[in-house]
Amino acid sequence: QVQLVESGGGLVQAGGSLRLSCAASGSIFSINDMGWYRQAPGKQRELVAAITNGGTTNYADSVKGRFTISRDNAKNTVNLQMNSLKPEDTAVYYCNFDVRTIYSIRRSIFWGQGTQVTVSS
C-alpha cells in the first residue's frame, strides 16, 4: 500500500557531494519519523540521520557537519544532502519511514529499495 522510491545515488570522488531523495506514495495518512540508513559491505546497517515530523534531527557522529537531512511533508519526501564525502561513506543507503496508512491507526515501517553511493579516493 505504501512505496518508497529512492533516487540520487551514484559514484563521486572524495570531497564531492550527492543529494539523495526518497518519496513515499500510496495509502498514506501521515508520516512520523523519516530516516536514512546505510549498510557497507561486511558491516551492519546503521542509522545515518533521522528527522521527526516536528523537525528534530539526529545524526550519526561520523556524518555530523557533512550531511543534512530535511523533509518536505507536502511531497512525502525526505532528502539527504551529503557533502565532503569520504570513501568510508560508501554504502547502500536506505530510506525509512514510520507511516500511518489510511486503513489503520497503527504505524508501520517502510523501507526504500536502497541506492548505491560509492565514493572513490
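## The open sheet

Let's start with the sheet: β1-β3-β8-β7 is the order in which 4 strands form an open, antiparallel sheet. Its edge strands are β1 and β7 (67-72), each of which pairs on one side only. From one strand to the next, the twist averages 15 degrees. Please keep in mind that this is a predicted model.

As background, strands of a sheet pair through backbone hydrogen bonds, either parallel or antiparallel.

How many bridges join β1 to β3? There are 6, and the two strands run antiparallel, with β3 spanning residues 18-26. Two of the pairings can be named here: E6 has C22 as its bridge partner in β3, and S7 stands opposite S21 of that strand.

## The disulfide at C22

C22, the bridge partner of E6, also takes part in a disulfide with C95. A search of the whole structure finds 1 disulfide, and the sulfur atoms of C22 and C95 are 1.9 Å apart. The pair links distant parts of the chain, with C22 in strand β3 and C95 in strand β9 (residues 91-101), 73 residues apart.

Are these two cysteines buried or exposed? Both C22 and C95 are buried. As for geometry, the link of C22 and C95 is right-handed, with 50 degrees about the S-S bond.

Definitions and conventions:
Residues numbered from 1 in each chain as written. Predicted model: local features only at pLDDT ≥ 70, side-chain atom pairs only at ≥ 80, totals over all residues. Heavy atoms only, no water. Pairing = 2+ DSSP bridges. Disulfide = S-S within 2.5 Å. Buried < 20%, exposed > 50% of the residue type's maximum accessible area, 1.4 Å probe, protein only. Axes fitted to C-alpha atoms, helices over the stretch in contact; angles between N-to-C directions.
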